[in-house]
Amino acid sequence: MVKSPRPRSPAIVALWDEVAANCDELTDDVVTAIRRNAPSYASFPLERHRTDSRYGVSMIVTGLRDGTQPTPEALRHAETIGRDRASFGIPLVDAIEGYHVVYRELWNYLLTRAIRQGPEVTSELSHEVSLLWTWVHRSSSAFAVAHSAETARAQINRQEMRSRLVSLLHSDAPPVQQVSAVATALGFDPRGDFQSLCTDPTTAAAVDVVNDRLTGTPAHCALDTAERAVVIGQNIDANATAAMLRDLLDVRVGIGTRGSGIGGAAASLADAASALAACTPSRPVVDFTEEWPAALLVSQPHRIAYLVATGLTVARENPHLAAAVSAFLVSRFSVTATAGRLHIHPNTAKYRLDRWAQLTGWDVFTPDGLAASRITVTLAEADGGSPESAASL
C-alpha cells in the first residue's frame, strides 16, 4: 500500500475518525442520493443496496482515513458491484452516477464538518482531494470495466436465448418444458399470449438495432434459419412494431395471430411466416388474421399452383386482365367500381373480365369462377408483384 506522504494535522485526523464512526449515517445518505439521482435504481432492492453500499463506503473511508490508495479488496468489490448492477439491468450511465455519488456525498460530509471548525481546517482539507480523486478514478474504472464486460456477456447470452426460442418454436413439436424455460429467462410468461412478426431476410447487425429499439418492451428479435428477422412479444402493438421494422430495416413484414401459451406462440410464428409470403411491393405488411386465405395460399404454392397453371400463365402474359380481376375482388364485385379503381371505362372493365373468362375458363360472375380467379391472381401477385400495377396497360 502506498501511503499519502503528507502528514495530517490532528484536526484532519479527527475529521476522518468522525466520518469512520458515522459510516452507517453516511451510507444512508449515499443510498438516498443514488436512488434520487439515478432513476433505474428505483426497482433495485433497497436492503441489498444498503448492504453493498455500507461495505463499500466502509472500505473507502478506511483507506482515505489511513491515507492509502485503493486496495485490491476495494477494487474487487468495485468489480463485483459493477457486474451485479449490470446483471440487474441498471444502465452504465446510472451505475457510474451512483458510484460517483458515493464520493460526492463523502466529500460533502467532510466539507460540512470542516467548515464548522474554521477556515484553517477547510484549507487543509483541500490537500485530501488528490487521494480522493485517485480512489474515484481507480475504483470507478474497475467498476465500469466489470459492468461493461458483464453487459456484453449478458447480451450474447440473451441473443443466444432469443435464437434458441425461435429455433424451438419452429420445430414440428416444440418441447414445452424447454421452450418455457427459455421464454421465462427472456422475461416472458409461458402461459401468456404471444404474437410474432416475420420480415424479409436481414442481418445480425440489423437484429441488434431492432433489439436496442425493443429494450424495455416485452419483445425480442432474432434471426431464424432462413435469416428472417423474427419478433416475438407479449402484449405488443403489432402494427406499431411492424411500422418500426419497416422504418429500421426497409423490409416486408408478416404479422402472426395472437396465441396463448407455447402452442399459441408456435402457431403465431408460423402464421407470421405465411403472412410474409403474401406480402407484395404494394402491400408490404400483411396481417394473417385479416388476410389468412391469401397467406395460406401463397405460403404453400406447391399445393395448388398446378391446379391453376393455365390461369397463372394468362395472368403473367396479360397482367392488365389480372389487374381487372384483382380490382373486381376489392370493389365488392362491381364493374363500375372496378372501372373507377382502374381509371378506365366500365365497358373496358367488363371486356377485360370477359376476356379473362375466355382465356381461363373462369367466369368471375359465378362462385367457382370467382374462387379460382381469386386464387390465381393472389398467387400471381405474390410471384410477380401487384397486378394493379399493370392497370394502365
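In helix H9 (residues 204-214), Ala206, Val207, Val210, Asn211 and Leu214 are the buried residues. These buried residues line one face of the helix, because they fall within an arc of 140° when H9 is viewed down its axis. The arc is taken from the directions that run from the helix axis to the C-beta atoms. An α-helix has 3.6 residues a turn, so residues three or four places apart point the same way.

Buried means under 20% relative accessible area, exposed over 50%, and partly exposed in between (1.4 Å probe, protein chains only). Helices (H or I, at least four residues) and strands (E, at least two) are DSSP runs, numbered from the N terminus. The model is predicted: local features need pLDDT of at least 70, side-chain atom pairs count only at pLDDT 80 or more, and totals for chains, interfaces and linings use all residues. Residues are numbered from 1 along each chain as its sequence is written, and side-chain values use heavy atoms, with hydrogens and water left out.

The cover over the buried residues of H9 includes helices H7 (129-170) and H10 (238-249) and strands S2 (219-223) and S3 (228-233). After H9 comes Gly216, with a positive phi near 90°.

Strand S3 is mostly covered, with five of its six residues buried. Its pairings are listed below; two strands pair if DSSP finds at least two bridges between them.

| Strand paired with S3 | Bridges and sense | A bridge pair |
|---|---|---|
| S2 | five bridges, antiparallel | Ala222 with Val230 |

Four residues lie between the strands in the hairpin of S2 and S3, where Glu227 has a positive phi near 65°.

How values were computed. Contact means heavy atoms within 4.5 Å.
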